[in-house]
Amino acid sequence: MSASAISLYVFGIYVIIVGIGFIFIPNTILPLLKFPKTSEPWIRVIGILVAVLGFYYIIAAQNELTLFFWASVVARFAILIGFILLVVTKKAQPMLIGFGIIDAAGGLWTLLTL
């Protein structure tokens, strides 16, 4: 596996773990991020989507899908920008930026290995 593929593989594992957390223990995770607990299904829906996205990252890494690697770099920086805009417009708590920073850091790791 190339260095770029390893970066995506590791990121995919992280994304799956986050997704599983939102599926099974959202009300443990949400307060840590300064978000209110919820009994609504939206957080579990997001968890499923996030876990599936992590699966895509792993499959792309295992198959050395370089075009996907490049697309993920752009997308992961866009996520940080989007999360910052949500916080600036007071649509989300500042802790959301932490997720964006992790995404951008993963994107930077991939970019540096491409």
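This is a predicted model: local features need pLDDT of at least 70, side-chain atom pairs count only at pLDDT 80 or more; totals for chains, interfaces and linings use all residues.
Student: Why is Thr 110 called buried?

Tutor: Thr 110 has 0% relative accessibility. Buried means under 20%, so Thr 110 counts as buried.

Student: Where does Thr 110 lie, and which residues is Thr 110 in contact with, leaving aside its neighbours within four places in sequence?

Tutor: Thr 110 is part of helix α5. With those neighbours set aside, Thr 110 is in contact with Ser 4, Ser 7, Leu 8, Phe 69, Ser 72, Val 73 and Arg 76.

Student: Why is Lys 90 called exposed?

Tutor: The relative accessible area of Lys 90 is 73%. Exposed means over 50%, so Lys 90 is exposed. Lys 90 sits in the loop between α4 and α5.

Student: What is the phi of Lys 90?

Tutor: Phi of Lys 90 is near 60°, a positive value in a residue other than glycine. Most residues other than glycine have a negative phi. Glu 64, in the loop between α3 and α4, also has a positive phi, near 50°.

Student: Why does Glu 64 count as partly exposed?

Tutor: Relative accessibility is 33% for Glu 64.

Student: Why does Ile 48 count as partly exposed?

Tutor: Ile 48, in helix α3, has 48% relative accessibility. Exposed needs over 50% and buried under 20%, so Ile 48 counts as partly exposed.

Student: Which residues make the nonpolar surface patch with Ile 48?

Tutor: Val 52, Leu 53, Phe 55, Tyr 56 and Ile 59 make the patch together with Ile 48, and its area is about 530 Å².

How values were computed. Residues are numbered from 1 along each chain as its sequence is written. Side-chain values use heavy atoms; hydrogens and water are left out. Patches are made of residues with over 30% relative accessible area and no salt bridge: like charges are joined within 9 Å, nonpolar side chains (Val, Leu, Ile, Met, Phe, Trp, Tyr) within 5 Å. Accessible areas come from the Shrake-Rupley method with a 1.4 Å probe; for residues, only the protein chains shown count as cover. A salt bridge is a side-chain nitrogen of Lys or Arg within 4 Å of a carboxyl oxygen of Asp or Glu. Helices (H or I, at least four residues) and strands (E, at least two) are DSSP runs, numbered from the N terminus. Buried means under 20% relative accessible area, exposed over 50%, partly exposed in between (1.4 Å probe, protein chains only). Contact means heavy atoms within 4.5 Å.
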